[in-house]
Amino acid sequence: MWRTCPASGNEQLALDRRLFVQRVPFSVNQAGWIDRGHLLQRSIQKSVTGLCTDRLAVMRQCPPGCLNWLANERWGDTLLNSTSPRNRGLLLFDYDGVLADSLNILSEYTTAFCREHGLGEGLNKTDVDAMESATLSGLIEAAGISQAYVRDYARHLFQALNRDPLKVPLFKGIPEMLRGLARHYTLCVVTANHSAIVRQRLDAAQLTSLMDCIYGNEQPGGKVEHIVNALEANRAQRTSTWMIGDTVGDIEAAQNAGVNAVAATWGWQSSTRLKSKAPDLMFEKPQALHDYFKNTWPQATAKTGIPR
């Protein structure tokens, strides 16, 4: 939904951008980009008018010079086809197994580490399906890595994933799904992975700007706390918030946080395993999830079922 603009450019546009940001609170992400859509969304949300449904209402927020920059970036059509922040549901995505098809590469890195240190053969599908929590500690337990090697394994995994983020593919249809849903929902990532790894992969696919926030394992608390943080940060209602995950731990986190639990069966754990935790919704493909939420906003309410 929201495009980004680099923090540098030609002299005139740079001047226009500075005039704009003098009037609108902003933040710069780790890549040094200013998220223009996020600026507009937050500015509009705090404005006197509240909702903004036409260009003039946004332009009144800006000094004259910024209008040239806004026009050059062709922001208007995107904004007009989007839902106001106060009417948006909140979609929280797990990363590994929901957005990123990472199990094979994680298994490869884990097997290499285990063999190098004489710790067996690493991960297998049965052990992964039996995990209660798809966290680093869950992977360590499933792979049979002894306590003496935990720190070395964590370092090995982090460095390997950072070395070549593109080696972890996104599932088919994920970029299109995120771009479509971001028009009408606020999107966040709630993951047991490190947020730097997630951001690096999403940056490569030009998807980071779609995310309102990314909660990773380096931040205090677990997934339940991160879900609650996302609720509070976005002033979202629990009834219009969905946690989308591919493990029983994700479903339990959603339930414990009081939000709707959505199971993605294309990820790490089997549909049978996920169904045992009674999620509110189950989807077998990203396209099915996309179609459901695209067709049910803004009145979407959780309905138990297995859409295909």
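In this predicted model, T241 touches L90, L92, L231, A236, V259 and N260, not counting residues up to four places away in sequence; contact means heavy atoms within 4.5 Å. Residues are numbered from 1 along each chain as its sequence is written, and side-chain values use heavy atoms, without hydrogens or water. Because the model is predicted, local features need pLDDT of at least 70 and side-chain atom pairs count only at pLDDT 80 or more, while totals for chains, interfaces and linings use all residues.

T241 counts as buried because its relative accessibility is 0%; buried means under 20% relative accessible area, with a 1.4 Å probe and protein chains only. T241 belongs to strand β6, residues 241–245. Strands (E, at least two residues) and helices (H or I, at least four) are DSSP runs, numbered from the N terminus.

An open sheet is formed by six strands in the order β5-β4-β3-β6-β7-β8, with parallel pairing; two strands pair if DSSP finds at least two bridges between them. β5 and β8 (281–283) stand at the edges with a single partner strand each, so one side of each has no neighbour in the sheet. From one strand to the next, the twist averages 20°.

Within this sheet, β6 and β7 (residues 260–264) run parallel and are joined by four bridges. I244 stands opposite V262 in β7.

Helix α10 (residues 174–181) has I174, P175, M177, L178 and L181 as its buried residues. The cover over these buried residues includes β3 (89–93), β4 (185–190), β5 (211–215) and α15 (286–296).

Definitions and conventions:
Buried means under 20% relative accessible area, exposed over 50%, partly exposed in between (1.4 Å probe, protein chains only). Axes are lines fitted to C-alpha atoms, for helices over the stretch in contact, and angles run from 0 to 180 degrees between N-to-C directions.
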